[in-house]
Amino acid sequence: MKPLLMKLFLVPPRLYIVRGLLAVIFFGLLFYGLFLSPPAQFPTNDLVIIPKGTSVRDAGKILEERKIIHSPVIFSVIIKIFSKNGVIAGGYLFNDKESL
């Protein structure tokens, strides 16, 4: 009985590492596919205007309505993490599909 319990609970550390890496890769690809990749209806050769004074949240809503992004919430989080200036007002022309 004791050897069976040892086999069940004493898994080699390498197996945990491999499982962990596979889980990270799987969920990373899932997150990219759901939130960061361009939507299927992404409009090419489309001009999007972000007015001066637009908040990050409102810019995300504009981009979601125009089918540029999937989620304004994820957009807001990414802008707050990676941008020092927030949203830059202006016209944005998307010639090709672009991921977030």
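**Close-up views of a predicted protein model**

**View 1. T54 sits in the loop between β1 and α3.** Helices (H or I, at least four residues) and strands (E, at least two) are DSSP runs, numbered from the N terminus. This is a predicted model, in which local features need pLDDT of at least 70 and side-chain atom pairs count only at pLDDT 80 or more, while totals for chains, interfaces and linings use all residues. Residues are numbered from 1 along each chain as its sequence is written, and side-chain values use heavy atoms, with hydrogens and water left out. Is T54 buried or exposed? T54 is buried, because its relative accessible area is 18%; buried means under 20%, exposed over 50%, and partly exposed in between (1.4 Å probe, protein chains only). The T54 side chain reaches the backbone oxygen of P51 at 2.5 Å. Leaving aside neighbours within four places in sequence, T54 is in contact (heavy atoms within 4.5 Å) with A59, I62 and V87.

**View 2. Helix α3 has a buried side.** Look here for V56, A59, G60 and L63, which are buried. These residues lie on the same side of α3 because they cover an arc of only 100° around the axis; the arc is that of the directions from the helix axis to the C-beta atoms. Among the elements that cover the buried residues of α3 are β1 and α4. On the face turned away from the buried side, you can find the exposed residues R57 and E65. After α3 comes K67, whose phi is positive, near 65°.

**View 3. D46 and R66 meet in a salt bridge.** Side chains of opposite charge can pair when their charged atoms come close. A salt bridge is a side-chain nitrogen of Lys or Arg within 4 Å of a carboxyl oxygen of Asp or Glu. How many salt bridges does a search of the whole structure find? The search finds one, and in the pair D46 and R66 the distance from N to O is 2.9 Å. This pair links distant parts of the chain, 20 residues apart: D46 belongs to strand β1 (residues 46-50), and R66 to the loop between α3 (56-65) and α4 (72-82). R66 is partly exposed, because its relative accessible area is 32%. Not counting residues up to four places away in sequence, D46 touches R66, Y92, L93 and F94.

**View 4. F26, F27, L30 and L34 form a nonpolar patch on the surface.** Together they have about 420 Å² of accessible area, computed by the Shrake-Rupley method with a 1.4 Å probe; for residues, only the protein chains shown count as cover. Patches are made of residues with over 30% relative accessible area and no salt bridge; like charges are joined within 9 Å, nonpolar side chains (Val, Leu, Ile, Met, Phe, Trp, Tyr) within 5 Å. F26 has its place in helix α2 (residues 13-36).

**View 5. The whole protein has four helices and two strands.** From the N terminus on, the elements run α-α-β-α-α-β. Of the 100 residues, 23% count as buried.

Terms used: A polar contact is a pair of N or O atoms within 3.5 Å; within protein, one must be able to donate a hydrogen and the other to accept it, and residues adjacent in sequence count only if both atoms are side-chain atoms.
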